[in-house]
Amino acid sequence: MVDLKSQYKKIKTEVDAAILQVIDAAQFIGGPEVNSFQQELEAYLGAKHVIPCANGTDALQIAMMALGLKPGDEVITPSFTYVATTEVIALLGLTPVFVDVDPKTFCIDVSKIEAAITPKTKLIVPVHLYGQSADMDPIMEIAKKHNLFVVEDNAQAIGCDYTHRDGTKSKTGTIGTIGTTSFFPSKNLGCYGDGGAMFTNDSELAVILKQVANHGQTIKYHHERVGCNSRLDNLQAAVLRIKLRSLDDYCNARRKVADFYDENLSKLKGITVPYRAENSRHVFHQYTMLLDGIDRDKLAEHLASKNIPSMIYYPIPAHKQKMFAAFNCESQDLPVTDWLTGRVLSLPIHTEMEQEQLDYIYSAIKEFIEA
Ligand SMILES: *Cc1c(COP(=O)(O)O)cnc(C)c1O
């Protein structure tokens, strides 16, 4: 699905030198690379504060801890997402309240949020799924009206621009109370191990986020709150600094792949190509098509027989996972989520795809559908 080796080859000289420098300085935890990366990411995103941490799941957990949520508080979130989003809600003793997604954007259906709000609701967690922004302006309006926090799960959409109703633009992850992201290797900005970060424009909250990620302390051995240990290391930061410079190029390379798929796959019967919302500049973490009247398993098998990977993101939505059995949400009516779960199929998309590979993938799909 990705080709991290070819991507590395293009930046090998720079990356190798940076890694060796970190090892040479023997400064592995904290240090200049982490600080510089933090500042460079703040500048790129236009965010006042970036707080690095160990991974994208921790980022979500630390964000929710920093907001001071109490067990039993309700958190509104889509069920159609990666497990991390919903898992941390349950881990912290909070109650996930699942809201259906929009059939076009696959992100939370804004028109269904208010009906899910109760006196216990404290937080909305929109997920910018596959690299496209949820519709943030109405989400922020609802949050303001009901006095709720918003944590944007931006793990799949770093670099995505959201256009507000007034025409101004923001990077996704910088609009809500807190944004979170992951630097898992296959993410759009990936390191060579695990990594993550939180973003906020609220300076007081930034102090708390930093404390929670560092055993609740600002001054060493003065622990002001219960926290955890979640750090981005200097080696990962050194890699991320180099890759951040190419993030816009990486996004453009992914869009070019998506353009090819769109143009060709839309000609095939039974395939719906991804919708591109006008107010979101899709960064195509995934290229996910919708199948109608096509046997998904057989298509995936056909592709696999030609060494073409494909993936179902995600085969079981959160509300149907055993993990959440205690919340009695299994029979909850989320028709769009269930419908999508049965129809989505994601194709290889990354920064190093060659025209030859794209042609090969397209002809394999065409062959199956026209057979
Ligand atoms: C990858 C991902 C995460 C978790 O990131 P990790 O770094 O793997 O912990 C969270 N949410 C979404 C939507 C993701 O895609």
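**Close-up 1. Helix H9 passes helix H11 in a right-handed crossing.** A crossing is called right-handed if the near helix is turned clockwise from the far one by less than a right angle, and left-handed if anticlockwise. Helices (H or I, at least four residues) and strands (E, at least two) are DSSP runs, numbered from the N terminus. This is a predicted model, in which local features need pLDDT of at least 70 and side-chain atom pairs count only at pLDDT 80 or more, while totals for chains, interfaces and linings use all residues. Residues are numbered from 1 along each chain as its sequence is written, and side-chain values use heavy atoms, with hydrogens and water left out. H9 covers residues 296-305, and its axis packs 10 Å from that of H11 at an angle of about 135 degrees. Axes here are lines fitted to C-alpha atoms, for helices over the stretch in contact, and angles run from 0 to 180 degrees between N-to-C directions. That angle makes H9 oblique to H11 (under 35 degrees is roughly parallel, over 145 roughly antiparallel, 65 to 115 roughly perpendicular, and the rest oblique). Lys-298, Leu-299, His-302 and Leu-303 of H9 meet Ala-364, Ile-365, Glu-367 and Phe-368 of H11, where contact means heavy atoms within 4.5 Å. By class, this contact has five nonpolar, one polar and two charged residues (Ala, Val, Leu, Ile, Met, Phe, Trp, Tyr, Cys and Pro count as nonpolar, Asp, Glu, Lys and Arg as charged, and the others, Gly among them, as polar).

**Close-up 2. Helix H8 also packs against H11.** The axes of H8 (residues 247-265) and H11 (residues 355-370) come within 11 Å and cross at roughly 30 degrees. That makes H8 roughly parallel to H11, and their crossing is right-handed. On the H8 side you can find Val-257, Phe-260, Tyr-261, Asn-264 and Leu-265, and on the H11 side Gln-355, Leu-358, Asp-359, Ile-361, Tyr-362 and Ile-365. Eight of these contact residues are nonpolar, two are polar and one is charged.

**Close-up 3. Tyr-360 of H11 is in contact with Lys-306 and Ile-308, leaving aside its neighbours within four places in sequence.** Tyr-360 is partly exposed, with a relative accessible area of 43% (buried means under 20%, exposed over 50%, and partly exposed in between, with a 1.4 Å probe and protein chains only). A polar atom of its side chain lies 2.9 Å from the backbone oxygen of Lys-306. Ile-308 is 52 residues from Tyr-360 in sequence, yet 9.0 Å away in space, C-alpha to C-alpha.

**Close-up 4. Helix H3 is largely enclosed by the rest of the structure.** Nine of the eleven residues of H3 (residues 56-66) are buried, including Leu-60, Ile-62 and Met-64. At the start of H3, a side-chain oxygen of Asn-55 comes within 3.0 Å of the backbone nitrogen of Thr-57. After H3 comes Gly-68, with a positive phi near 70 degrees.

**Close-up 5. His-128 sits in the loop between strand E4 (121-124) and helix H5 (136-145).** His-128 is buried, with a relative accessible area of 0%. Its side chain and that of Glu-152 are joined by a polar contact of 2.7 Å (a pair of N or O atoms within 3.5 Å; within protein, one must be able to donate a hydrogen and the other to accept it, and residues adjacent in sequence count only if both atoms are side-chain atoms).
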